[in-house]
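Have a look at the protein below with its sequence beside you. The report that follows walks through rings, charges and helices.

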Amino acid sequence: MQEKIDLDQLVDNHSDYLFRYALAKVRDESLAEDLVQETYLAAVKSLENYERRSTERTWLTAILKFKIADHYRKYSKETAFDITELEQLGTEKFFTNDGKILNWSKQFRPTRWNLSPFKTLENSEFYEVLEGCLKDLPDKVESVFRLREIDGVDSTEIQEAFHLSPGNYWVIMHRARLSLRRCMEVNWFNAEIG
């Protein structure tokens, strides 16, 4: 017979972690709180199916991931993806067109980053700058990018959730990367070199 789970203890032990996890994914404190509450409600409903094959935190995090994915699905249905959000990034100016191929504009040509990638990743200030650059992206573009590159969600799932064609998805990812590269270059790498 399985040991009974103390719900108060469950909440005490995992709420802070779950809230921080949700907040990192949705960047809205109120929404993060709601998602954590929905996670606990779902956990209570599925307690009899919890077989303890994983830790409580892993089990709750898995439920929370589904709640976050559901939020993005609902969000994408309520607000259609507007391709003009990509125009806000201003990435068209990064290239010149000679009629045959695109070339980097001299002003926006990538510079060499002579810093050690391992040293950079150990620096907490780097993550603050990266977060700032991510927040500068339009909301839906940021959501698509975060889901793929930070959360590791499969691109076909993201395309379904946001009702994107494969072509639109790749354009969004390409432009998000260009914009992030430029932002990180200006706010981190060139600042470090200078």
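## Aromatic pairs

Tyr169 is buried, at 0% relative accessibility, where buried stands for under 20% relative accessible area, exposed for over 50% and partly exposed for what lies in between (1.4 Å probe, protein chains only). Trp170, at 46%, is partly exposed. This is a predicted model, in which local features need pLDDT of at least 70 and side-chain atom pairs count only at pLDDT 80 or more, while totals for chains, interfaces and linings use all residues. Residues are numbered from 1 along each chain as its sequence is written, and side-chain values use heavy atoms, with hydrogens and water left out.

The structure has 2 aromatic pairs. In one, the rings of Tyr17 and Tyr21 have centres 6.3 Å apart and planes at 35 degrees, so the pair is tilted. Here rings of Phe, Tyr and Trp (its six-membered ring) pair if their centres lie within 6.5 Å, with planes under 30 degrees apart counting as stacked, over 60 as edge-to-face and the rest as tilted. Tyr17 and Tyr21 are 4 residues apart in helix H1 (residues 7–26), which means about one helical turn separates them. Tyr17 is partly exposed at 26%, while Tyr21 is buried at 17%. The rings of Tyr169 and Trp170, for their part, have centres 4.8 Å apart and planes at 75 degrees, so this pair is edge-to-face.

## Overall layout

Secondary structure comes to 9 helices and 2 strands; helices (H or I, at least four residues) and strands (E, at least two) are DSSP runs, numbered from the N terminus. Along the sequence the pattern reads α-α-α-α-β-β-α-α-α-α-α. Of the 194 residues, 35% count as buried.

## Salt bridges

Side chains of opposite charge can pair when their charged atoms come close. A search of the whole structure finds 6 salt bridges, each one a side-chain nitrogen of Lys or Arg within 4 Å of a carboxyl oxygen of Asp or Glu. Glu142 bridges to Arg146, with the closest N and O atoms 2.5 Å apart. These two residues sit in helix H7, 4 residues apart, about one turn of the helix, and both are buried. Glu142 and Arg146 also belong to a salt-bridge network with Glu131.

Arg177 pairs with Glu149, the closest N and O atoms being 2.3 Å apart. This pair links distant parts of the chain, as Arg177 is in helix H9 and Glu149 in helix H7, 28 residues apart. Arg177 is partly exposed at 36%, and so is Glu149 at 38%. In helix H9, Arg182 and Glu185 are 3 residues apart, about one turn of the helix, and form a salt bridge with the closest N and O atoms 3.3 Å apart. Glu185 is buried, with a relative accessible area of 1%.

Which residues of helix H7 (residues 139–150) are buried? They are Lys140, Val141, Glu142, Ser143, Val144, Phe145, Arg146 and Leu147. Just after H7, Gly152 takes a positive phi of about 75 degrees.

His163 has a phi near 55 degrees, a positive value in a residue other than glycine. His163 lies in the loop between helix H8 (155–162) and helix H9 (166–193), and is exposed at 53% relative accessible area.
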